[in-house]
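Open your viewer and get ready to click along. Each stop on this tour gives you something to select and a short note on what is there.

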Amino acid sequence: LNTVAILLSAFVLSFVALLVFIWSQRTGLFDRSSRGAEVIFATQEIGRTEDPSATQAEQGALQTGADLATGGQAAHADAHELIERARADASTGPLVFFFYCCAVVWLLVASAAGLTASIKLHEPDWMVQQAWLTFGRIRTIHLNAVAYGWAPMAGLGTAMFVIPRLLKTPLIGARFAFFGAVLWNAALIAGLGSIGAGINDGMEWLEIPWQIDTLFALGGALIALPLVFTLVNRRVAHLYVSVWYMACALFWLPVLFIVAKIPGLHQGVQQAAVNWWFGHNVLGLFYTPLALASVYYFLPKVIGRPIQSYNLSLLGFWGLAFFYGQVGGHHLIGGPVPEWMVTLSIVQSMMMIIPVAAFTVNQYQTLQGRLSALRFSPTLRFIGVGGLMYTASSLQGSIEALRSVNVITHFTHLTVAHAHLGMYGFVSFVFFGAMYFVMPRITAREWPFPWMITTHFWLVSGGFALYFVGLTIGGWLQGEAMLDAARPFMDSVAVTLPYLKARSIGGACMGLGHLVFALHFVLLVLNYGPQRDQPALFRHLFARKVAS
Amino acid sequence: MKSEIKLVSGAMVMLALSTSALVVLPYMQVHDTPPLPGLKPYTSAELRGREVYIANGCLYCHSQQPRAKAFAPDFSRGWGRATVAGDYAYDQPPLLGTMRTGPDLMNIGVRQPSDAWQLGHLYQPRAYVPGSIMPSFPFLFEQKARAEKDDVVVNLPAGQVPAGKVVVARPEAVDLVKYLLSLDRSYPVVATPTEPGPGAQR
């Protein structure tokens with residue numbers, strides 16, 4: 001195989017494919033008055049803010065801010081359409097609730113495992129008697145509990161809630177998803193157990209033995225069924241941006257998972273290439289689209305203003321679909337894999353700046369003039385920070401893929417910090433925000449203690465800032481020490497110690513924040529809190545029909 | 001966008017491109033790379049040891065991929081020459097790793113060939129490398145009042161063994177050390193020609 005020919009054809013193909021797709025999906029490019037972005041609102045509803053997690057006072061302030069920005073008072077939306085939406089919500093309620101309960105449990109499991117692993121890195125003789133608690137296993141339990149527990153449960157739960165709303169159709173076949181989610185969680189329990197017991201497939205992100213993975217595949221397929229049924233039975237002609245991301249994520253994941261896990265197919269360094277093709281695509285083509293879809297839905301919904309540029313969303317989507325799929329090779333820079341593959345991945349990593357910039361500009365334009373909403377809406381606070389972290393982590397990822405930077409950062413804790421910027425700062429923050437919005441809608445109850453939302457936000461934000469900054473500095477110093485052959489290797493270990501400790505402190509704050517969140521979740525579910533003596537249920541049912 | 005068929009087929013085309021670039025082409029190019037002449041297949045004990053290496057997550061801190069001299073000082077650190085695809089022909093899966101919290105291990109069998117050192121270091125790394133943050137692995141060993149006939153006794157530095165006891169390696173530890181000692185990619189990538197061939201003129 002001729003390297004130059006492959007590179008050249010890939011490059012030409014990239015551009016032609018991208019152009020053809022954008023063109024074929026859209027005629028009348030650069031049309032500013034696109035109605036496609038308005039389908040998330042009912043007739044006359046634009047200008048109405050919505051954040052069920054805000055207090056009455058905050059909701060009032062939110063609406064006043066929007067009214068000031070538009071220079072008029074928002075009309076009341078078409079009541080019939082709102083009842084339709086309430087029906088769509090009702091059809092997903094129990095299912096979404098089940099997904100979210102699982103998500104919260106896995107969040108706590110993952111936090112405990114992550115914190116344990118973090119402490120072990122600077123206290124290597126702490127809790128070493130049990131095999132399952134050794135660093136290599138508990139760290140892997142942490143990763144898998146996030147990757148197959150918290151993130152997909154929160155993300156798919158949110159998709160279950162959002163898709164019927166966007167298609168204006170009640171969810172069809174929810175019981176399939178219910179059964180699928182049970183299988184999925186059973187598989188995860190078995191998978192984490194087997195990692196703890198020391199049985200794993202030895203590939204990062206793909207540790208769970210393939211025998212158990214067949215359960216995941218089955219569960220995942222069952223979860224996807226109702227979304228497909230609902231899609232084909234939809235009552236709207238137009239598919240909103242969030243639907244593109246969510247639907248495609250559901251089709252991408254099984255291909256990634258099955259191709260990567262077929263036993264006996266892959267061999268030697270080719271298997272390493274598959275490993276990182278999967279490892280990066282599960283981030284880029286599964287968690288990222290689910291989280292971006294949530295941003296595209298909740299951000300405009302909260303502030304009552306449609307996404308400003310529909311064309312930018314198209315560019316963002318197809319750019320992500322094309323470029324993201326090919327960046328995985330940058331995990332193997334300098335490794336024993338074909339050089340052209342690594343180069344291709346570096347090029348596509350840089351190209352990722354295009355969709356990321358499209359997303360960022362689009363969200364910024366939408367929020368412009370409405371930034372006060374961040375003060376009053378808990379949902380928006382989480383989702384806004386999450387969206388910003390998407391931009392930050394993607395740009396950081398592009399830069400880290402450059403050989404000159406990668407030679408320092410590869411093999412260091414900086415990569416770990418970067419991974420958490422994406423999976424935590426972006427994906428988890430967005431899902432926190434989505435859950436704050438969705439839970440009151442599906443339970444018809446308010447979050448009982450607004451101060452707990454604030455505490456959660458500041459604990460995880462502060463903790464994560466310490467985590468990220470500490471580990472980034474530590475990782476960089478570690479990389480520089482390793483790159484200087486005159487310094488002994490042990491220098492690169494010693495230099496990281498204070499930063500590893502800072503990471504544990506930051507991680508502990510994040511864990512504490514998750515405990516607050518989980519407790520609040522339980523209090524909401526148990527209907528415990530200041531609102532429980534009021535005739536809350538009636539008021540909320542009414543509110544759901546008229547003011548939502 | 002109005003057609004879900006267009007949407008999903010477009011998305012799958014994108015994934016197909018990605019799959020052909022990162023899965024199919026590497027498969028065609030390096031899947032059947034033969035082992036280099038100097039590379040020996042693993043023995044059963046070494047393969048069992050490899051499973052212990054995977055089970056305990058050694059790969060999350062130790063890479064197995066020294067890089068080229070022109071790129072990074074891996075060779076100067078004594079980690080060995082840059083590896084090539086043929087070095088991994090018997091590795092399923094390859095354990096390239098993504099972190100160097102500890103040093104690269106591709107040639108640890110050459111660099112530290114003493115099994116006594118390896119066993120003791122697994123039992124308590126800090127007895128050998130001050131400041132090491134590698135976990136100790138006491139669960140791979142046993143403490144006994146006295147060793148029996150076939151026991152592998154670990155010789156530890158003074159102060160590491162409790163009074164009146166001996167530390168004995170469990171089979172997992174013995175296998176793991178056998179695997180570590182088998183890690184040797186010091187043979188040449190290109191076989192040395194025995195007599196001047198047609199290429200010798202260059």
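How do the residues of the lining of the largest cavity divide into nonpolar, polar and charged? Eight are nonpolar, six are polar and one is charged. Keep in mind throughout that you are looking at a predicted model.

**Stop 1: the largest cavity**

Select Asn275(A), Trp276(A), Pro94(B), Leu96(B) and Gly97(B); among the 15 lining residues, these lie nearest the centre of the largest cavity. The space inside comes to about 120 Å³. If you run a search over the whole structure, six cavities of 30 Å³ or more turn up. As background, rolling a probe the size of a water molecule over the atoms shows where empty space is left.

**Stop 2: the second largest pocket**

Next, move to the second largest pocket, with a volume of about 740 Å³. Pick out His62(B), Gly102(B), Pro103(B), His121(B) and Met134(B), which are the closest to its centre among 38 lining residues. To see the elements that give two or more residues to this lining, colour helices H3 (79–122), H4 (135–167) and H17 (489–494) in chain A, then H3 (108–111), H4 (115–123) and H5 (171–182) in chain B. Which element gives the largest share of the lining? That is H4(B), with four residues. Colour the lining of the second largest pocket by class and you get 23 nonpolar, 11 polar and four charged residues.

**Stop 3: chain A as a whole**

You will find 19 helices and zero strands. Along the principal axes, the C-alpha atoms of chain A fill a box of roughly 70 × 55 × 45 Å.

**Stop 4**

Most residues other than glycine have a negative phi, and most peptide bonds are trans. With that in mind, zoom in on Trp205(A), a residue other than glycine whose phi is positive, near 75 degrees. Look for Trp205(A) in the loop between helix H5 (174–197) and helix H6 (210–232) of chain A. Is Trp205(A) buried or exposed? Its relative accessible area is 11%, under the 20% cut-off, so Trp205(A) counts as buried.

Then jump to Ala444(A), in the loop between helix H15 (413–443) and helix H16 (450–483) of chain A. Here too phi is positive, at about 55 degrees, although Ala444(A) is not a glycine. Ala444(A) is buried as well, at 9% relative accessibility.

**Stop 5: chain B as a whole**

Chain B is more spread out than a compact globule, because its radius of gyration is 23 Å, well over the 17 Å that the globule rule gives for 202 residues. The box filled by its C-alpha atoms is roughly 75 × 65 × 35 Å along the principal axes. Buried residues account for 52% of the 202 in chain B.

**Stop 6**

Select residues 4–30 of chain B, which form helix H1. These 27 residues reach 37 Å from first C-alpha to last, close to the 39 Å expected at 1.5 Å a residue. Centre the view on Ser20(B), where H1(B) has a kink of about 45 degrees.

Finish with Pro93(B), in the loop between helix H2 (44–55) and H3 of chain B. The peptide bond that joins Gln92(B) and Pro93(B) is cis, with omega about -5 degrees.

Technical notes. Residues are numbered from 1 along each chain as its sequence is written. Chains are lettered from A and ligands numbered from 1 in the order in which they are written. This is a predicted model: local features need pLDDT of at least 70, side-chain atom pairs count only at pLDDT 80 or more; totals for chains, interfaces and linings use all residues. Side-chain values use heavy atoms; hydrogens and water are left out. The expected span of a helix is 1.5 Å times one less than its number of residues. The bend at a residue is the angle between axes fitted to the seven residues ending there and the seven starting there. On a 1 Å grid over the protein atoms alone, a cavity is a set of points where a 1.4 Å probe fits but cannot get out, and a pocket is an open set with protein on both sides within 12 Å along at least five of seven lines; lining residues have an atom within 4 Å of a point. Grid points are joined across faces, edges and corners, and a volume is the space filled by probe spheres set on the points. Ala, Val, Leu, Ile, Met, Phe, Trp, Tyr, Cys and Pro count as nonpolar, Asp, Glu, Lys and Arg as charged, and the others, Gly among them, as polar. The radius of gyration is taken over C-alpha atoms; the globule rule is 2.2 Å times the number of residues to the power 0.38. Buried means under 20% relative accessible area, exposed over 50%, partly exposed in between (1.4 Å probe, protein chains only).
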